[in-house]
Amino acid sequence: MALDLAEGAAVQAPGMKPTDIKNPDYFHKVVDCQWACPAHTPVPEYIRYIAAGRYTDAYMINWWSNVFPGVLGRTCDRPCEPACRRGRVEKEPVAICRLKRVAADNKDDVRDRLPKPAAVKNGKRIALIGAGPASLTVARDLLPLGYACVLYDADPHAGGMMRTQIPKFRLPERVLDEECQYILDLEPELRLGQRIDSLKALLAEDYDAIFVGSGAPRGRELPIPGREEAKGHIHIGIDWLSSVSFGHIESIGKRVIVLGGGNTAMDCCRTSRRLGGDDVKVIVRSGFEEMKASPWEKDDAQREGIPILNFLVPKEFTHENGKLTGVLFEKVKAEYDARGRRNLVPTGEPDAHIECDDVLVAVGQENAFPWIERDIGLDFDKWDMPKVDTVTMQSTNPRVFFGGDAAFGPKNIIWAVAHGHEAAVSIALMLDGKDVKIDRPPPHVNLLSQKMGIHEWSYDNDISLDLRYKVPHAPNEITLRDVKVEVELGFDRELAFKEAQRCLNCDVQTVFDTKLCIECDACVDICPVDCITFTDNEPEPLLRTHLTAPAPNFEQDLYIADGLKTGRVMVKDEDVCLHCGLCAERCPTGAWDMKQFWLDTAKANDVCANRLAAE
Amino acid sequence: MTYITKPKLHHPALPKNSLGYTHRDYEGRISTLCAGCGHDSISAALIQACFELAIEPHRVAKLSGIGCSSKTPDYFLGQSHGFNAVHGRMPSVLTGANLANRDLIYLGVSGDGDSASIGLGQFAHCVRRGVNMVYICENNGVYGLTKGQFSATADKGSKSKTAVNSDSPIDLVSLALLLGATFVARGFSGDKKQLVPLLKAAIAHRGSAILDVISPCVQFNNNPESTKSYDFVREHNDAVNRIDFIVPKAEITVDYEPGAIETVRQHDGSVIKLAKLRPDYNPHDRAGAMAFCQAHAAKGEVVTGLLYIEDDAQDLHAHLNTVAAPLNGLGEADLCPGAKALDAINASYR
């Protein structure tokens with residue numbers, strides 16, 4: 001061994017190692033959207049189903065993976081879209097999120113495809129705290145397997161923040177009700193309207209496991225002068241949205257200032273426009289570009305005539321006779337220090353006073369666990385957050401699991417779903433007496449050739465050059481009148497088809513078989529994005545500059561295959577591959593093949609399947 | 001055959017030449033040749049050479065005859081002029097076009113059947129006249145379009161799936177040397193590092209530049225006993241030199257072992273840097289080149305590289321002392337100078 005090393009050191013720096021395509025992560029990463037999705041939804045597969053008009057099949061792929069396709073197709077934070085390869089070869093990614101909605105809008109009745117309540121219970125009882133997306137996912141995964149799930153929530157309906165914080169003009173109630181009902185049909189025990197005030201007390205009950213999916217329910221305060229005096233017209237954003245959702249609040253003053261630059265602020269300002277706010281402004285401390293809100297949510301707000309003013313730091317709520325009169329702002333600018341950190345420094349200009357009747361404060365949310373005792377073996381970190389394992393979702397009390405915003409602070413629905421799946425796996429493992437880390441079942445993976453004929457594939461490999469299609473909106477005259485009228489109309493079937501055709505089918509992988517290659521260069525010559533090279537092997541940084549076209553994106557792998565007759569290596573830069581299959585079409589020996597990669601993350605039912613197989 | 005069009009989407013960081021074009025702008029329609037055909041690699045090499053030379057596509061005329069090779073001008077330089085001639089008759093059409101307009105760059109694209117069988121006479125005469133052109137013979141040793149019979153360049157003893165060739169081969173390199181070509185090279189479709197600089201140097205050459213490019217026929221002549229297969233050519237490739245074609249003003253950046261480098265300056269000021277892989281090989285010696293190629297061919301070796309170059313080559317226009325302007329640029333007064341001029345010409349012959 002030592003001799004090998006000595007010999008290796010004598011020759012020049014070693015080239016790259018051949019790619020291990022048997023490692024599921026390799027091809028999974030190539031499917032950028034699926035890799036970026038916390039729940040790892042097989043996106044290209046459902047998009048193909050949409051293109052084929054098989055909306056129900058598309059819906060079911062989503063439902064198994066992300067539980068709330070109709071909700072997410074309207075509200076997801078879409079981590080898949082910035083990752084989409086299409087955005088690297090032309091201007092914009094595929095409208096993945098809104099295609100998901102198409103599946104939900106156009107599906108048939110799916111109830112006969114859904115799991116049924118367990119015929120036989122297995123005697124295990126699990127308490128789920130909070131009836132939001134995380135807990136509902138755990139319930140969906142465990143109920144059909146025979147676990148008894150008891151669903152607690154302070155609110156009278158299931159849905160959590162999807163119901164209380166997302167305005168109905170973005171997410172109609174019927175869509176949420178439908179998808180919650182699919183889970184309620186699995187017959188969890190419902191303890192709605194029942195707030196949990198003590199985890200210790202709950203642990204003393206006969207539950208085998210407890211899942212905490214109680215969200216991040218506390219809106220951050222803005223303690224500046226005047227807050228107390230003018231409190232009648234200053235509202236915390238998420239509480240106010242919740243009151244609107246439940247019909248407790250039906251109006252707001254004509255002039256409204258929304259403080260904060262996140263998606264909650266966008267929901268607050270747009271809701272205000274519908275409750276009587278004629279002059280609604282969003283005012284943020286930072287610059288417009290640095291706002292946390294998703295770009296499309298900012299667009300939607302601006303489209304409704306809501307200006308976004310930036311670089312204004314609130315100093316004081318002004319008031320007269322106990323009534324709010326406006327907000328005083330300090331004008332600031334961004335300056336960057338030597339380490340590139342941004343500081344907001346006063347410009348020296350006079351403060352700006354902006355008059356208003358109501359203020360909505362949407363400057364962030366926090367977790368709040370006053371109901372979790374600190375002597376129950378459940379450790380908290382220095383930020384007063386529970387210590388939770390990022391893979392197993394288990395806390396330091398082995399019977400207690402966390403998920404959603406309750407686990408690691410405010411994220412979004414799709415993360416809550418992903419946490420729910422993993423927590424369900426952990427709970428099933430733990431209750432089987434297995435190790436929640438070591439015994440986790442692997443994902444389901446498959447790799448299947450798509451070859452149908454000499455140059456025919458079972459997927460449409462002709463690349464659409466269409467630019468991203470816009471989702472049609474209902475006109476402001478209609479939508480601004482009623483807080484319950486949905487703004488987005490969704491793609492119709494024709495638009496959906498065209499948008500679906502923009503998908504590059506990144507799950508159909510280019511798989512190379514060195515033994516068959518005769519090094520004729522046909523693939524190199526035909527590749528429209530110059531991503532294939534046959535060359536001498538080198539260390540990665542050098543190799544990346546010596547390819548047919550440079551490969552500067554280190555986040556995207558190089559696919560390396562060795563064993564060629566000339567001693568060279570095949571290098572394929574995965575970065576901008578169109579998955580058009582032309583390399584495989586022009587390959588005379590079938591050394592390239594287009595194979596569909598399928599990956600389905602393991603769920604709780606796999607734990608049970610493994611157990612049954614063992615028995 | 002591929003049915004989809006090659007997607008227009010391209011690598012976001014493709015280099016552009018001085019005209020602002022990427023190499024994709026020099027492409028033609030998608031190839032209808034068999035998958036893996038060497039000819040497609042030659043098309044790709046031509047695209048790369050024209051891109052690197054920043055040639056304006058409208059300044060190129062592609063001419064071809066009949067055969068797999070002669071279909072290829074459709075697959076590169078889609079914005080250039082093209083003429084698909086009768087079988088074996090591309091050289092005379094090219095000669096005529098060149099006489100009418102010397103300002104264009106002429107790419108004659110032919111194959112072993114089109115050049116060495118039906119068109120052998122045409123080939124011989126356009127070479128000996130010194131027509132300013134790049135004549136590329138995409139040489140696979142078989143008639144691909146008629147299902148793989150041996151062609152005139154197939155080596156004696158070479159085997160196909162069903163037959164053994166018993167005829168003597170025509171070596172187009174030796175023939176071109178014999179006929180007075182002023183630039184003679186042989187390349188291999190599977191080695192673009194060698195082929196692209198050869199094509200660039202040939203395009204810059206004034207005179208008959210003949211490139212014999214071994215281009216395996218994957219369908220009919222890539223079997224183990226063939227002498228025109230990928231494996232055979234790779235194993236028996238005897239490259240006498242490597243050239244690095246340098247355009248005028250370009251910096252010379254490639255480093256070779258001192259003493260092994262020769263620079264050849266062409267009439268347009270461009271410079272060819274020649275790295276000698278065989279120190280004994282002299283590419284300025286026509287007779288020596290012929291002997292070398294014959295001797296190595298007898299040993300079953302495929303000699304490649306720039307085999308012969310005449311530094312002060314002259315072309316047909318110089319021989320004939322023709323007018324410099326293209327005929328389409330001459331006015332009526334020049335083309336029909338009148339009775340007096342005719343009388344003067346007639347008088348000069350009395």
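Start with chain A and colour it by domain: domain 1 is 36-110 + 460-498, domain 2 is 114-217 + 367-431, and domain 3 is 220-362. These bounds come from an automatic or database domain assignment. What you have open is a predicted model, where local features need pLDDT of at least 70, side-chain atom pairs count only at pLDDT 80 or more, and totals for chains, interfaces and linings use all residues. Residues are numbered from 1 along each chain as its sequence is written, while chains are lettered from A and ligands numbered from 1 in the order in which they are written.

Now show domains 1 and 3 of chain A together: their C-alpha centres lie 31 Å apart. Where they touch, domain 1 of chain A gives 6 residues and domain 3 of chain A gives 8 residues (contact: C-beta atoms, placed from the backbone, within 7 Å). On the domain 1 side, you'll find 3 nonpolar, 1 polar and 2 charged residues (nonpolar: Ala, Val, Leu, Ile, Met, Phe, Trp, Tyr, Cys and Pro; charged: Asp, Glu, Lys and Arg; polar: the others, Gly among them).

Next, select helix H10 (residues 133-142) and helix H18 (residues 413-431) of chain A, whose axes come within 7 Å and cross at roughly 40 degrees. Helices (H or I, at least four residues) and strands (E, at least two) are DSSP runs, numbered from the N terminus. Axes are lines fitted to C-alpha atoms, for helices over the stretch in contact, with angles from 0 to 180 degrees between N-to-C directions. Show side chains here: A:Pro133, A:Val138 and A:Leu142 are among the H10(A) residues in this contact, and A:Ala416, A:Ala424 and A:Ile427 are among those from H18(A). By class, the contact has 11 nonpolar, 4 polar and 1 charged residues.

Bring in chain B. The contact between the chains takes 29 residues from chain A and 25 residues from chain B. On the chain A side, helices H8 (86-89), H21 (522-526) and H23 (582-586) each give two or more residues. That side divides into 17 nonpolar, 3 polar and 9 charged.

Last stop: the open, antiparallel sheet of 3 strands in chain B, ordered S10-S12-S11 (strands pair if DSSP finds at least two bridges between them). Strands S10 (241-246) and S11 (261-265) of chain B are the edges, each pairing on one side only. Zoom in on S11(B) and strand S12 (residues 271-276) of chain B, joined by 5 bridges; here B:Ile261 stands opposite B:Ala275.

Definitions and conventions:
Contact = placed C-beta atoms within 7 Å.
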